[in-house]
Amino acid sequence: MNSIQMLVGLANPGPEYANTRHNAGAWFIEQLAARYNCTLKHDPKYHGLTGKVIIQGQEFKLLIPTTYMNLSGKAVSSLANFFKIPVENILVAHDEMDLEPGVAKLKKGGGHGGHNGLKDIMAKMANQKDFMRLRVGIGHPGHREMVTGWVLGKAPKVDQEKMDAAVDEAVRCMEILAKDGVLKAQNRLHSFKPE
């Protein structure tokens with residue numbers, strides 16, 4: 001039913017980035033790991049923090065690359081190649097400026113939309129784009145020249161609470177994804193509204 005075997009959360013490494021919008025993908029993996037009592041361990045072989053969780057009897061590999069964002073593909077391709085996980089069986093969680101805080105969406109394939117993490121994953125996976133994405137809305141600053149400061153900045157409390165709620169819902173939707181597949185998980189996640 002479910003073909004996803006590997007869940008990746010994109011981030012920049014180091015405490016100074018931990019709560020920045022660009023790390024929204026990693027929050028998803030961290031919350032998922034916490035929910036299923038998994039301790040993420042640094043594994044230099046895969047250039048990231050790794051772990052595994054069992055959801056509905058299925059095993060999912062977890063990965064948060066500890067390279068910088070623009071080198072995310074190095075970690076993703078190392079783990080995927082080692083475990084022979086095809087690109088379409090990978091789900092990558094990342095921050096998405098085209099969605100408002102409090103919104104998270106699942107989609108399969110597509111371009112990188114200028115996201116350096118996605119760009120590098122595609123480059124390192126022989127330009128295959130068919131991985132699933134969990135897009136965590138962070139909103140847009142309104143001007144292109146403000147983007148870097150925006151993604152590397154911390155969100156105000158009200159936005160952060162909405163993002164946390166959307167990430168929490170996405171974590172819950174992994175149960176549905178494991179049990180009933182992507183479409184059902186999508187339907188539930190896409191109808192979510194933060195309080």
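These exercises walk through a predicted model, each with a worked solution. Local features need pLDDT of at least 70, side-chain atom pairs count only at pLDDT 80 or more, and totals for chains, interfaces and linings use all residues. Residues are numbered from 1 along each chain as its sequence is written, and side-chain values use heavy atoms, with hydrogens and water left out.

**Exercise 1. The pocket**

Find the volume of the largest pocket and describe its lining.

Solution. 
- Start with the method. Rolling a probe the size of a water molecule over the atoms shows where empty space is left.
- On a 1 Å grid over the protein atoms alone, a pocket is an open set of points where a 1.4 Å probe fits, with protein on both sides within 12 Å along at least five of seven lines. Lining residues have an atom within 4 Å of a point.
- Read the volume. It is about 460 Å³, taken as the space filled by probe spheres set on the points, which are joined across faces, edges and corners.
- Turn to the lining. It has 26 residues, and H22, M97, G114, H115 and N116 lie nearest the pocket centre.
- Sort the lining by type. Nine residues are nonpolar, eleven polar and six charged. Here Ala, Val, Leu, Ile, Met, Phe, Trp, Tyr, Cys and Pro count as nonpolar, Asp, Glu, Lys and Arg as charged, and the others, Gly among them, as polar.
- Locate the elements. β5 (90–96), α3 (116–124), β7 (132–137) and α4 (147–151) each supply at least two lining residues. Helices (H or I, at least four residues) and strands (E, at least two) are DSSP runs, numbered from the N terminus.

**Exercise 2. Helix α2**

Which residues of α2 are buried, and what do they pack against?

Solution. 
- Set the cut-offs. Buried means under 20% relative accessible area, exposed over 50%, partly exposed in between (1.4 Å probe, protein chains only).
- List the residues. In α2 (72–82), S72, G73, A75, V76, S77, L79 and A80 are buried.
- Find their partners. They pack against β1 (6–9), β4 (58–65), β5 and α3, where contact means heavy atoms within 4.5 Å.

**Exercise 3. Salt bridges**

How many salt bridges are there, and which residues form a network?

Solution. 
- State the rule. A salt bridge is a side-chain nitrogen of Lys or Arg within 4 Å of a carboxyl oxygen of Asp or Glu.
- Count. The total is eight.
- Trace the network. It links K52, E59 and K61. E59 pairs with K52 at 3.9 Å between the closest N and O atoms, and K61 pairs with E59 at 2.4 Å.
- K61 is buried because its relative accessible area is 15%, whereas K52, at 52%, counts as exposed.
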